[in-house]
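Dear colleague,

Please read the notes with the model open beside you.

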Amino acid sequence: MNHLTIRLLWVLCCWLGPFSLADVSAASVKGADGANQMWARLLDEAGRLRLPTKFLQAVRPDFIHFEFDDLRTYAAEYHPDEHRMVLNRSLSFNSAGRTLKPLGKMTHKELEVLYHELFHAYMDYLQVIEKHSSNPDHGSGGLLSFARKQQACRYEEVRITPVALRKDDTESRYLTKTESWEALNETWAVFIGWAVWNQLEVQRKAGKSMFRDPQKIHQWIGRLKIAFEKGDLRGYYVPEDPDERRLAQKRYLAKPSQLTVKEAEALIEQVLGFQHDFIKRFVASVEPHTVSVC
Ligand SMILES: [Zn+2]
């Protein structure tokens, strides 16, 4: 993933379009104090909205360099080499490109995008911590070692959809290490965005956390079951082979290579930090249909 920029599609129909890299005029959040304040505000606002904060609390406040730009094709980009997150200017306060818009003013779609990118930053952070730590109990190991096992077991050979809109036409691909790591990261980030968007939708009329209402939890789990059945939880990667890239700038994984229940369970517990009885209910409701060999 190191030399790759991870991008999130804003408009699905543009997936074959040219990349829109952030140009040098992008505005950034200035200074460590500004970054620390913005991070503290983000955590506070996420908590008020009852959105997941477990993984965000693990990240050093000044780790991510936030920038805002007029992105055309993608709503956001994350550059691991520089720990740089470029968000569309519409996600900044008053669209001025200086600091993040209050989370309470964001649409559910914007929060989905933000959480997708924050998850990329979290995975980047875990790898940085791992690289610089001589202590095996540095706290980043659990999810990373699980990720590497899944990468080897599930993402080295995948099914893709050569034509994005024809979901049932699939082909096999053997991925390089870089491609399989990107495919895993995108699949997982898609799920984190999905989880947040659906939590917000379920809570929309209730005005309180879904965790205080068993019916709302039931609804969220029901939505997840449907997403698995429809094959919605699929990631993508940029082919390294120039010939393949000439055919498609991105390759989308097919339903047989979508997220597994086991992966969802790990992400719900270790990243989103949902309560244990919630996880038990989720596993009990979906496990019989989708057993992973990994
Ligand atoms: Zn992404």
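The notes below begin with conventions and the whole chain, and then turn to strands, helices and single residues.

This is a predicted model, in which local features need pLDDT of at least 70 and side-chain atom pairs count only at pLDDT 80 or more, whereas totals for chains, interfaces and linings use all residues. Residues are numbered from 1 along each chain as its sequence is written.

The chain has nine helices and nine strands, where helices (H or I, at least four residues) and strands (E, at least two) are DSSP runs, numbered from the N terminus. Of the 294 residues in the chain, 38% are buried; a residue is called buried if 20 or more other C-beta atoms lie within 10 Å of its own, exposed if 12 or fewer, and partly exposed in between, with C-beta atoms placed from the backbone. Among contacts between residues at least 6 apart in sequence, 65% join residues at least 24 apart, a contact being two residues whose C-beta atoms, placed from the backbone, lie within 7 Å.

On the strands, I would start with an open sheet of four, whose order is β7-β6-β9-β8 and whose pairing is antiparallel; two strands are taken to pair if DSSP finds at least two bridges between them. Its edge strands are β7 (171-174) and β8 (236-237), each of which pairs on one side only. Strand β6 (residues 157-161) is joined to β7 by four bridges, the two running antiparallel, and R159 has S172 in β7 as its bridge partner. Towards strand β9 (residues 251-253), β6 is again antiparallel and is joined by two bridges, with I160 standing opposite L253 and T161 opposite Y252.

Elsewhere, strand β3 (residues 65-69) has four of its five residues buried, so it is largely enclosed by the rest of the structure. β3 pairs with strand β5 (residues 84-88) in the parallel sense over five bridges, and the bridge partner of H65 in β5 is R84.

Turning to the helices, two packed helices are described by the angle between their axes and the distance between the axes. Here axes are lines fitted to C-alpha atoms, for helices over the stretch in contact, and angles run from 0 to 180 degrees between N-to-C directions. Helix α5 (residues 177-203) packs on α6 at an angle of about 135 degrees, with the axes 10 Å apart. That makes α5 oblique to α6, given that angles under 35 degrees count as roughly parallel, over 145 as roughly antiparallel, 65 to 115 as roughly perpendicular and the rest as oblique. The contact is made by W194, N198, Q199, V202 and Q203 of α5 and by K216, Q219, W220, R223 and A227 of α6.

Helix α6 (residues 214-230) also packs with helix α9 (residues 276-286), at an angle of about 40 degrees and with their axes 10 Å apart, and these two helices are therefore oblique to each other as well. In this pair I217, I221, L224, K225 and F228 of α6 meet F278, R281, F282, S285 and V286 of α9.

In helix α8 (residues 261-272), the buried residues are V261, E263, A264, L267, I268, V271 and L272. Seen down the axis of α8, these fall within an arc of 155 degrees, so they line one face of the helix; the arc is that of the directions from the helix axis to the C-beta atoms. Just after α8, G273 takes a positive phi of about 75 degrees.

Finally, some single residues in loops. L51, in the loop between α1 (31-48) and α2 (54-58), counts as buried because 20 C-beta neighbours lie inside 10 Å. L51 touches A46, V196 and Q199, not counting residues up to four places away in sequence, and its C-alpha is 8.3 Å from that of L200, although L51 and L200 are 149 residues apart in sequence.

Most residues other than glycine have a negative phi. H83, in the loop between β4 (74-79) and β5, is not a glycine and yet has a positive phi of about 50 degrees; H83 is partly exposed, with 17 other C-beta atoms within 10 Å. S95, in the loop between β5 and α3 (108-131), likewise has a positive phi, near 55 degrees, and counts as partly exposed with 13 C-beta neighbours inside 10 Å.

With best wishes
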